[in-house]
Amino acid sequence: MSTSGPAESTELWLLWKRAHELVRAAVVADMTAASGLSEAELSVLVCLHESGGVLRQNAIAAALGWDRTRLSHLLTRMEKRDYLVRGKVANGVEVTLRPAGRRTVEASVPSLNDSTRRHLLDRLGPDDAKALRDIVERLLSGEDSR
């Protein structure tokens, strides 16, 4: 638990938010220019690709921290572009990456890696990158640092 005061807490939150938005906007701009995908489409395709090409719809929503309705609307649009297909399975919906989606994400990953390196990792030292990873993983797990 932090012992910082309210002003310091707010300042840190604002710095965090600003840094996140600057890096995110730069990477998204690069990716939109390189692939023609929206940030949301790229997120879904990368999530599916990293899972081997098949995931339950609720698992995608959980992995991306999205509302199921938002995801459902996006998946409908992505199905129309032949990036993926949805099918009913016991207790849910399974999403499968289609060949067009696989080609698109595989063509996008090198640009995503390059953009992330340029806008984030190149600005950090090796120890900084490890510390940032540790901090983010701790925040995502809900653990206290005590």
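Biologist: Is asparagine 91 buried or exposed?

Modeller: This is a predicted model, in which local features need pLDDT of at least 70, side-chain atom pairs count only at pLDDT 80 or more, and totals for chains, interfaces and linings use all residues. Residues are numbered from 1 along each chain as its sequence is written, and side-chain values use heavy atoms, with hydrogens and water left out. Relative accessible area (1.4 Å probe, protein chains only) sorts residues into buried at under 20%, exposed at over 50%, and partly exposed in between. Asparagine 91 has a relative accessible area of 78%, so the residue is exposed.

Biologist: Between which two elements is asparagine 91 found?

Modeller: Helices (H or I, at least four residues) and strands (E, at least two) are DSSP runs, numbered from the N terminus. Asparagine 91 has a positive phi of about 60°, although it is not a glycine. It sits in a loop, and the elements on either side are E2 and strand E3 (92-97).

Biologist: Which loop holds aspartate 82?

Modeller: Aspartate 82 is not a glycine, yet its phi is positive, at about 65°. Its relative accessibility is 35%, so aspartate 82 counts as partly exposed. The loop that holds aspartate 82 is the one between helix H4 (68-80) and strand E2 (84-89).

Biologist: In what order do the elements of the protein run?

Modeller: The protein has 6 helices and 3 strands. Read from the N terminus on, the order is α-α-β-α-α-β-β-α-α.

Biologist: Why does serine 115 count as buried?

Modeller: Serine 115 is part of helix H5, which covers residues 99-119. Serine 115 counts as buried because its relative accessibility is 0%.

Biologist: Which residue's side chain makes a polar contact with the side chain of serine 115?

Modeller: Contact means heavy atoms within 4.5 Å. With its neighbours within four places in sequence left aside, serine 115 is in contact with Ala26, Val27 and Asp30. A polar contact asks for a pair of N or O atoms within 3.5 Å, one able to donate a hydrogen and the other to accept it, and residues adjacent in sequence count only if both atoms are side-chain atoms. At 2.7 Å, the side chain that makes such a contact with serine 115 is that of aspartate 30.

Biologist: With which residues is arginine 102 in contact, leaving aside its neighbours within four places in sequence?

Modeller: Arginine 102 lies in helix H5. Its relative accessibility is 30%, so arginine 102 counts as partly exposed. Once its neighbours within four places are set aside, the residues in contact with arginine 102 are His49, Gly52, Gly53 and Leu97.

Biologist: What separates the C-alpha atoms of arginine 102 and leucine 15?

Modeller: For scale, the C-alpha trace of the protein spans about 50 × 35 × 25 Å along its principal axes. Arginine 102 and leucine 15 are 87 residues apart along the chain, and the separation of their C-alpha atoms is 36 Å.

Biologist: What share of the residues in the protein is buried?

Modeller: Serine 115 counts as buried, whereas asparagine 91 is exposed. Over the 146 residues in the protein, the buried share is 23%.
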